[in-house]
Amino acid sequence: MAGELGSWRVEATAGCGMKRRPESEQDPEPQLEELSLCSSAPSHGDSMDSGLSDSEESVFSGLEDSGSDSNEDDGHDDLEGHGGTEKTPGEQVQAGPPYQRTEVVRVQSGNEYAEDSSDEEDIRNTVGNVPLEWYEDFPHVGYDLDGRRIYKPLRTRDELDQFLDKMDDPDYWRTVQDRMTGHDLKLTDQQVALVRRLQRGQFGDESFDPYEPAVDFFSGDIMIHPVTNRPADKRSFIPSLVEKEKVSRMVHAIKMGWIQPRRPRDPTPSFYDLWAQEDPHAVLGRHKMHVPAPKLALPGHAESYNPPPEFLLSEKERSAWEQEEPGERKPSFLPRRFPSLRAVPAYSRFIQERFERCLDLYLCPRQRKMRVNVDPDDLIPRLPRPRDLQPFPTCQALVYRGHSDLVRCLSVSPGGQWLASGSDDGSLRLWEVVTARCVRIVPVGGVVRSVAWNPNPTICLVAAAVEDAVLLLNPALGDRLVVSSTDQLLSAFELPQEPAMQPACWLEASEEERQGGLRLRICHGKPVMQVTWHGRGDYLAAVLATPGHTQVLIHQLSRRRSQTPFRRSHGQVQCVAFHPSRPFLFVASQRSVRLYHLLRQELTKKLMPNCKWVSSLAVHPAGDNIICGSYDSKLVWFDLDLSTKPYKVLRHHKKALRAVAFHPRYPLFASGSDDGSVIVCHGMVYNDLLQNPLLVPVKVLKGHALTRDLGVLDVAFHPSQPWIFSSGADGTIRLFS
């Protein structure tokens, strides 16, 4: 630094006065030059003075203080504080206003061009080869020769200001930004001309002639003296040891047979016969994925010169053959008859067919069919043996006889002691399960299409769908206290003063009907197809055979109130079922099964069984799986947590399915069909959601005789035993245990 400042040292005093302390005698002229510079504006890069804070320096240099000085800035301030000279209190007192800076002026002694160098021309930033990306997060861009920061210029101009500058400033097109300092520079005419020459691919120097005649260093004339007359090296006369080693290695390889001499090539060309028998040892046969060309089919009777009469086409067939496309004609030629072989002319399409054959062999791709050796037993899923899945019903135990017509429905009491059945003979029969004895016959005067025992063990009621009414009967079987409490529950109802409008009419039974067991009659305007109870025993749902939104009605027993839960219809409803534990209602139409939330009154899911006509529906005791039977002999299992599509589709029956059922306790489900059989399957549902249900058919039960092309009409499991009841068109009820 001392070398650059020369022999003069300048110190700042109050105001703009300066004091010079010469180290040696100099001329007085530099003093005048130095004094004339004291009125110049202070440089924004001076950071050696400690009279200003960092925020004041940033404001003075054109940068506003952001208030968030980083650790790197503090580090630079520490470095500059250690590098600068420490001022005494006296010097701080002598300092002038806060915006006055100390300016060091370089005074050159002697010739001012003595130290001039083109390399130091306008070099202000001394960061060297340090990447400028390091200074992106700092307010400065580098340091000058005195070690002071070079601050970045404040750039708060948006695109609109830049556009206005572009329109107003005529020199905007020649303005560039200096990356070392961040300032804008205007290119001179010489620099612009240089840039344009470089863009055109020319040389930067205008005086350079790229096409000047070249001077040949080696002329074609024979000279007296050679170009070089250096004596030969000694190594040119001594044999090379490296080459000797290479030659010895090659000789050893020839002796061992590793290097074979080149054989002369056979100039005769080689041809391949496309129609010849392919030799596995030939060139084409040695390819691993080579597929031999298919052979042409041998000529038949139609290709004969004297074909049989049945191969000759009539005039109608000939006209139809000519109207077809050439690629769709069968056969591809017209069979003709000639008296002798000598009369057969040349085949007109011979060359064309041979050419197409060559194209097929050459261009048509051929695919190799990989034969997979698979054991057929491995394709069968590994299911457990049926004897490992016991207990399940295996044989017929009892037959309940008494109905004179087909038995459409049946239901078992919650305790499993009694059985109710409805038939087309107009009667409802109550049976004792263990003895198959009919303990009571209730004439209802019509076809019983559905019967359901109340699942609540404290209520002894049976609901039966007869024509356009739902009959509630007290069979008076079992515990007398339960029978009496059921009558008290029904008689405790009081009619409201202002009865509301209901879609169904609740009627009390007469004294004569009460002796027969009838307690209530719920009258509907349309035939009732199905009746089912809720798990708590207070609500029951009825399905009517009528179009519109009144197909499904829900009745409340305790309040004797009826309501229609739906505003519109989504097709003909086949059957409904309540969820065993949640306020859900399953409604099965012909092509879909809808799940409704009764409290929220919204559709939760829509299941697609992919069946033509759904006939029956059953819900798993856990409520997460359902099965549907259809008239196209399919049994569909749905996993509600998995998907709205079927998890499994079982096609074990040969005819339409009439009824499906789940066992309340055991992992069993069954289906009854018109083929007269009942198929019992093992359906294990795991608590682990990652494990799919296990479905295994275990037994086919037969016993019903086909009547009117109908077989099993309804099935029901015993509530506590692995038994199953089935009712058939032959008028019997059978128990399989």
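Modeller: The structure holds 20 salt bridges, a salt bridge being a side-chain nitrogen of Lys or Arg within 4 Å of a carboxyl oxygen of Asp or Glu. This is a predicted model, in which local features need pLDDT of at least 70 and side-chain atom pairs count only at pLDDT 80 or more, while totals for chains, interfaces and linings use all residues. Residues are numbered from 1 along each chain as its sequence is written, and side-chain values use heavy atoms, with hydrogens and water left out.

One of these bridges joins Asp424 to Arg408, at 2.6 Å from N to O. Asp424 lies in the loop between β9 (418-423) and β10 (427-432), and Arg408 belongs to strand β8 (residues 407-412), so the pair ties together parts that are 16 residues apart in sequence. Strands (E, at least two residues) are DSSP runs, numbered from the N terminus. Asp424 is buried at 18% relative accessibility, whereas Arg408 is partly exposed at 32%; buried means under 20% relative accessible area, exposed over 50%, and partly exposed in between (1.4 Å probe, protein chains only).

A second example pairs Arg521 with Glu513, their closest N and O atoms being 3.1 Å apart. Arg521 is partly exposed, with a relative accessible area of 26%, and Glu513 is partly exposed at 30%.

Salt bridges that share partners also link Asp144, Asp146 and Arg148 into one network. Within this group, the closest N and O atoms of Asp146 and Arg148 are 2.7 Å apart. Asp146 is partly exposed, at 29% relative accessible area, but Arg148 is buried, at 11%.

Conventions:
Helices (H or I, at least four residues) and strands (E, at least two) are DSSP runs, numbered from the N terminus.
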